[in-house]
Amino acid sequence: MTAMLEVAELRHSYGSFTAVQDLTFTVATGELACIVGPSGCGKSTLLRCIAGLIKPTDGTVSLHGDLIERTPSDLAVVFQDYSRSLFPWLSVRGNVEFPLRSRGIGKSERRRRSAEALEWVGLSGAGAKYPWQLSGGMQQRVSIARALACQPSLLLMDEPFASVDAQTRFELEDLLLRVRHEHSSTVLLVTHDIDESVYLGDRVLVLSKSPASIVADLTVDLPAERDQITTRESKNFVALRGEVARLLHGAPTAGQTVPHRPTPAEDSAAAQRFLEAEREQVRRATSTG
Ligand SMILES: Nc1ncnc2c1ncn2[C@@H]1O[C@H](COP(=O)(O)OP(=O)(O)OP(=O)(O)O)[C@@H](O)[C@H]1O
């Protein structure tokens with residue numbers, strides 16, 4: 001696989017404070033790489049440098065071999081806070097089409113792409129609605145559709161599912177997996193959630209505390225087809241999750257447990273609730289015709 005993104009010896013300081021230092025990694029074409037790190041370690045700073053929103057103090061970021069100096073037109077970003085990233089005065093369709101205007105894409109092509117992207121995220125019927133008429137999960141689907149409509153070479157996601165409830169989170173994780181397989185997308189996703197990084201990633205890059213540097217680059221040895229229940233229960237998933245947790249928090253000593261880690265039973269109970277809610281939705285949709 002060829003490298004889509006190359007980050008080389010990246011360092012960024014805010015005044016005298018160094019947020020990230022000496023980060024070097026690549027993301028191959030078609031790969032979904034997750035970055036996980038402690039709160040405040042510099043994950044967003046790294047994404048901002050990659051998106052060309054801030055200029056790194058040192059080092060380089062290249063996309064298809066071209067140095068990123070300002071936001072490339074074939075890169076799209078999905079942020080955590082959908083309520084602030086969607087324009088409330090524009091319809092859902094208007095929001096999805098908005099970045100296509102600045103890319104000089106004509107009206108009929110904009111319509112075609114927005115209809116297609118809304119279909120991918122299961123919102124074909126919602127184009128004329130306004131963001132405030134939708135649930136949080138639906139609004140985040142609109143943000144994802146807006147990014148996909150740009151047909152980006154690289155999709156950057158900054159904690160994209162952190163502001164939705166647990167069941168919606170599972171649903172959006174599966175939506176992302178489906179869409180990236182259907183479109184062979186290249187994705188770099190930042191999360192503070194260890195389970196999410198293992199569930200979604202082909203690779204997990206573990207960052208140290210601030211100033212961020214890479215402490216491990218792990219290959220996720222799980223089948224490409226993932227499932228919220230069986231994947232999360234599988235031996236490989238549990239082992240990898242433990243490895244990432246130990247790298248992030250240090251190995252627990254005797255009598256201690258890794259903080260804030262749900263047990264496999266809690267995970268599968270949550271996944272079960274998610275699937276039941278999905279089934280209920282299907283039952284309701286089919287009974288109302
Ligand atoms: N514009 C800024 N000016 C000064 N310091 C900043 C600025 N932006 C971020 N920082 C500092 O840089 C460090 C890294 O911040 P960053 O937001 O990149 O971390 P993060 O890992 O994304 O955090 P979180 O997990 O809480 O979202 C933090 O200590 C933060 O206070």
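Modeller: This is a predicted model. By class, the shell around the ligand holds four nonpolar, eight polar and one charged residues.
Biologist: Nice. Which residues are the closest to the ligand?
Modeller: Of the 13 residues that surround the ligand, the closest are Y14, A19, K43, S44 and T45.
Biologist: And which element gives the largest share of that shell?
Modeller: That would be α1, with three residues. Both β2 (17-28) and α1 (43-50) supply at least two residues of the shell.
Biologist: Switching topic: what does UniProt say about residues 5-234?
Modeller: The unreviewed UniProt entry annotates them as "domain: ABC transporter". In the model, this span is 35% helix and 27% strand, and its end C-alpha atoms lie 31 Å apart.
Biologist: Now the backbone. Where is there a cis peptide bond?
Modeller: Between S210 and P211, with omega at about -5°. P211 is found in the loop between β9 (203-207) and β10 (214-219). For context, most peptide bonds are trans.
Biologist: What about E9, is its phi positive or negative?
Modeller: Positive, near 45°, and E9 is not a glycine. E9 lies in strand β1 (residues 3-14).
Biologist: Why does E9 count as exposed?
Modeller: Because E9 has 12 other C-beta atoms within 10 Å, and exposed means 12 or fewer.
Biologist: And what is the phi of H64?
Modeller: Near 50°, again a positive value in a residue other than glycine. H64 is found in the loop between β4 (58-63) and β5 (66-67). H64 is partly exposed, with 14 other C-beta atoms within 10 Å.

Conventions
Residues are numbered from 1 along each chain as its sequence is written. This is a predicted model: local features need pLDDT of at least 70, side-chain atom pairs count only at pLDDT 80 or more; totals for chains, interfaces and linings use all residues. A residue is near a molecule or strand if its C-beta atom, placed from the backbone, lies within 6 Å of it. Helices (H or I, at least four residues) and strands (E, at least two) are DSSP runs, numbered from the N terminus. Ala, Val, Leu, Ile, Met, Phe, Trp, Tyr, Cys and Pro count as nonpolar, Asp, Glu, Lys and Arg as charged, and the others, Gly among them, as polar. UniProt positions are given in the numbering used here, feature names are shortened, and annotations may be inferred rather than shown by experiment. A residue is buried if 20 or more other C-beta atoms lie within 10 Å of its own, exposed if 12 or fewer, and partly exposed in between; C-beta atoms are placed from the backbone.
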